[in-house]
Amino acid sequence: MLQNRLNVLIAQKGYSIKKVHDDTGLSRTTISNLVNNVGGGIQSVTLNRLCLYFGITPADFFDFVPFDLSYDAVADKLSALNMISVNDDPGGSYFNLIISADNGQLSVNKYHFRVGVFFFNKGLSDPQDYKVPYSAYVYVAGWSQDKHQEEALQFKRMYFDKMPAAFQEQFYTSCTQHIVEYVSLSFAPKRLNFEADSDYKMIVNLPYGRTVEASIIPK
């Protein structure tokens with residue numbers, strides 16, 4: 001994975017996009033796209049201008065790790081067969097978040113993160129009992145099944161711990177996006193009675209100590 005560090009460089013200097021635009025003459029659109037790592041690339045003349053501006057080399061402008069990650073959310077076959085107990089909680093559902101690590105060689109390593117989703121719904125359980133204003137609670141990996149726990153720990157050693165902070169943030173963002181999409185499409189319509197203009201939120205415990213709040217998107 002390769003991405004630029006312009007957002008970090010700007011933050012370290014205490015600059016704004018407007019200041020970089022005014023000082024370098026580069027368009028605000030170009031700078032904004034680079035800050036958000038969108039657009040697919042950077043022209044050599046732009047890279048040269050920014051390196052001169054920040055007093056760095058091209059190597060300092062980029063973060064790189066020797067692998068690519070891809071994400072996929074798939075149904076949990078055991079849950080589909082009702083073979084897993086959810087502590088007698090009818091609001092519980094499961095699926096797998098599969099993260100594939102490709103180092104450019106022939107094989108791709110796949111890691112399965114088991115995701116548990118528990119809905120707070122009238123007649124099932126009351127959010128007030130948990131003192132949180134959420135429609136669902138999501139927990140990723142760390143279940144008692146040794147296989148899933150071992151895979152999560154192996155992924156951490158082999159990949160997560162080797163990522164710069166920016167890539168770790170990207171990892172959390174990608175995990176959250178796939179979880180939101182899967183929960184909103186596959187579980188929420190069956191578990192929640194969506195009402196117009198209502199805001200349905202869930203609390204998501206991601207791997208390695210990160211907790212985020214996300215909105216359930218009615219499908």
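Predicted model: local features only at pLDDT ≥ 70, side-chain atom pairs only at ≥ 80, totals over all residues.

Q: Which residues of helix H1 are called buried, and what makes them so?
A: In helix H1 (residues 6-13), the buried residues are Leu6, Leu9 and Ile10. The word requires under 20% relative accessible area, so these three residues fall below that limit.

Q: Why are the buried residues of H1 said to line one face of the helix?
A: Seen down the axis of H1, they fall within an arc of 95 degrees, and therefore they line one face. The face turned away from this buried side carries Ala11 and Gln12, which are exposed; that word requires over 50% relative accessible area.

Q: What is the order of the six strands in the open sheet?
A: The order is S3-S4-S5-S6-S7-S8, with mixed pairing.

Q: Why are strands S3 and S8 said to stand at the edges?
A: Strand S3 (68-75) and strand S8 (211-215) each have a single partner strand, so one side of each is left without a neighbour in the sheet.

Q: How do you know that strands S5 and S6 pair?
A: Pairing requires at least two bridges. Five bridges join S5 (residues 108-119) to S6 (residues 136-140), so the two strands pair, and they run antiparallel. Glycine 116 stands opposite tyrosine 139 in S6.

Methods:
Residues numbered from 1 in each chain as written. Heavy atoms only, no water. Buried < 20%, exposed > 50% of the residue type's maximum accessible area, 1.4 Å probe, protein only. Helix = DSSP H or I, 4+ residues; strand = E, 2+ residues; numbered from the N terminus. Arc of directions from axis to C-beta.
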